[in-house]
Amino acid sequence: QVQLVESGGGLVQPGGSLRLSCAASGSISSFNEIGWYRQAPGKQRDVVADLTYAGSPNYADSVKGRFTMSKDNAKNTVYLQMNSLKPEDTAVYYCRALIYGSIRSPRYEYWGQGTQVTVSS
């Protein structure tokens, strides 16, 4: 019932910038965690940035200082601002939301369809 829709991907030159958006069908405040992952062809899916409710984003070492995650609760949208892009940033970028389980409720994890980011001259 939860839907996550990514947008904003595209082709950009090395050193350029893109801003990705993830629009949620419900309140993003209901998620214990929300974050961004990426996966290049033939490679594993890795975390890019992750945010807990009322916390600060955690970033992968490979993107620290270049990427910034933010959210707009009124719009139920999270963003990933990507600056100083490198060819190795080329991947499909996915939005992920997590609701923690409890003794009475199961754990839920939701993924978007992904948006392609290509960094090339």
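Tutor: Two strands count as paired if DSSP finds at least two bridges between them, and strands themselves are DSSP runs (E, at least two residues) numbered from the N terminus. This is a predicted model, in which local features need pLDDT of at least 70, side-chain atom pairs count only at pLDDT 80 or more, and totals for chains, interfaces and linings use all residues. Residues are numbered from 1 along each chain as its sequence is written, and side-chain values use heavy atoms, with hydrogens and water left out.

Student: What makes β7 and β8 a pair?

Tutor: Six bridges join β7 to β8 (residues 77–82), where the definition asks for at least two, so the two strands pair, and they run antiparallel. Within this pair, D72 stands opposite T77 of β8.

Student: Why are β1 and β7 said to stand at the edges?

Tutor: The open sheet has four strands in the order β1-β3-β8-β7, with antiparallel pairing. β1 (4–7) and β7 (67–72) each have a single partner strand, so one side of each is left without a neighbour in the sheet.

Student: What makes a space a pocket, and what lines the largest pocket?

Tutor: On a 1 Å grid over the protein atoms alone, a pocket is an open set of points where a 1.4 Å probe fits, with protein on both sides within 12 Å along at least five of seven lines. Lining residues have an atom within 4 Å of a point; 14 residues line the largest pocket, with R38, A40, K43, D46 and E88 nearest its centre. β5 supplies the largest share of this lining, three residues.
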